[in-house]
Amino acid sequence: MQALRKTAEGRGHVALVDVPEPQVGPHDILMKVYAAGICGSDLLIEDDRHFYRAPVTLGHEFSGVACAVGSAVTRVREGQKLVADIECAPGDWLGVTVDGAYAPYMRLPEHVAYPVADHVSLEHAGLAEPIVATHHLIQERAQVKVGDDVVIVGPGPMGIMAVQYAKVCGARRVFLIGLRDDERRLQIGAQVGADHLLYSEENPEEAVMDLTGGKGAEFVLECSASERGVQHAIGCARKAYEGPGGKGVIVFISLWGQRLTLDLDQISLGQLDIRGSWSWNGRETWEHAVDLLNRGVFDLDPMITNHYALDEWDTAFANLRAKQDVKAYIHPHGREWSPG
């Protein structure tokens, strides 16, 4: 079969190559891949600005159907729709250090596989991993509380998912910040619940302070992966210049892949809390995310903006870099897909 792989270390070295179909052991599942979502991390791996282990088949956001199960597998049966935790062992990440979903078939260890309800479309199930990451940053690393003002910097997939999750948590208002050339993404953010769209070029910090009566936002998420975005996050957060502090929390999920130059004085003076969010809490987080998926809590259709065949991967990557897509899928079996 053909797979999209990082073939060697260094910038570039991403190509379609022929590989054997995966062999599964007694505790494994062979999954027929429906779709793999294109993530900014895939672009960073192509650019040699993210960890990986080459050679490796990329693709860590995915959904599919179990087409074969090992003799010792008890939690999954053939024909079930599946998503999976990409952290399959200490230091091993599916689609990053272990072969992933940019291929027609993928091997899953049973302990990371999660069946989703029959009524959930594989299209929606493909967003399970972004739901997991959003749950972790909004509930486990920090908490959006009822009545909070929330600022989200960066209208990419994580930002738009976080808009919805913040509203589910009872946020009073959600401010979404992007660039002028993010207009399509910003409008999708408004469609799924953002109350105010702000432009990076037009001093969004001032707008947030005006609209919050000078207080700023209790919860700020930085997911733009830009130096300017980090400065916006610091400027928009609620400061506490006296007393115990902790009025404003900033959560970072971006990876920049380079050094930044920032003015950090307001972190100290305003007694801001800074949290990093990258992973999740294993089975606990995934079970919450699959439950949210099964219950249809999020409006996922507006986020899915394009579909590509496996041999169109270079166009798909280029379109994501150009901000033409929010979440696009690569379909290793093509759009005419059947689970058989």
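**Notebook: strands, pockets and rings**

I began with Lys6 and found that this residue stands opposite Val56 in β4. I note at the outset that the model is predicted. On strand β2, the residue I found opposite Lys6 is Val14.

**Entry on strand β1**

I looked up the partners of β1. With β4 (residues 56–57), β1 pairs in the antiparallel sense over two bridges. With β2 (residues 14–18), the pairing is also antiparallel, and I recorded five bridges. I then checked the cover of β1 (residues 2–6): four of its five residues are buried.

I turned next to the open spaces. The largest pocket holds about 1200 Å³ of space. Its lining has 49 residues, and I listed Gly40, Cys223, Ser224, Ala225 and Leu255 as the closest to its centre. Among the elements that each supply at least two lining residues, I noted α3 (128–140), α4 (157–168) and β12 (173–178). The largest share, four residues, comes from α1. By class, I recorded 25 nonpolar, 14 polar and 10 charged residues in this lining.

For the second largest pocket I recorded about 210 Å³. Its lining comprises 14 residues, with Met1, Pro20, Pro22, Thr57 and Asp99 nearest the centre. Strand β9 (residues 105–109) contributes the most, with three residues. I sorted this lining into eight nonpolar, three polar and three charged residues.

**Entry on aromatic rings**

Phe51, at 39%, lies between the limits of 20% and 50% and so counts as partly exposed.

I then examined Tyr165 and Phe298, which form a tilted pair at 5.5 Å centre to centre, with 45° between the planes. Tyr165 belongs to helix α4 and Phe298 to the loop between α9 (283–294) and β17 (304–309), 133 residues apart. I found both Tyr165 and Phe298 buried.

I also traced one aromatic cluster, formed by Phe51, Trp93, Tyr114, Trp278, Trp280 and Trp286.

**Entry on charges over rings**

I found the charged end of Arg75 over the ring of Tyr114, 5.8 Å from its centre. The charged end of Arg180 sits over the ring of Tyr199, 3.6 Å from its centre.

Terms used. Residues are numbered from 1 along each chain as its sequence is written. This is a predicted model: local features need pLDDT of at least 70, side-chain atom pairs count only at pLDDT 80 or more; totals for chains, interfaces and linings use all residues. Side-chain values use heavy atoms; hydrogens and water are left out. On a 1 Å grid over the protein atoms alone, a cavity is a set of points where a 1.4 Å probe fits but cannot get out, and a pocket is an open set with protein on both sides within 12 Å along at least five of seven lines; lining residues have an atom within 4 Å of a point. Grid points are joined across faces, edges and corners, and a volume is the space filled by probe spheres set on the points. Ala, Val, Leu, Ile, Met, Phe, Trp, Tyr, Cys and Pro count as nonpolar, Asp, Glu, Lys and Arg as charged, and the others, Gly among them, as polar. Buried means under 20% relative accessible area, exposed over 50%, partly exposed in between (1.4 Å probe, protein chains only). Two strands pair if DSSP finds at least two bridges between them. Rings of Phe, Tyr and Trp (its six-membered ring) pair if their centres lie within 6.5 Å; planes under 30 degrees apart count as stacked, over 60 as edge-to-face and the rest as tilted. A charge sits over a ring if NZ of Lys or CZ of Arg is within 6 Å of the ring centre and within 35 degrees of the ring normal.
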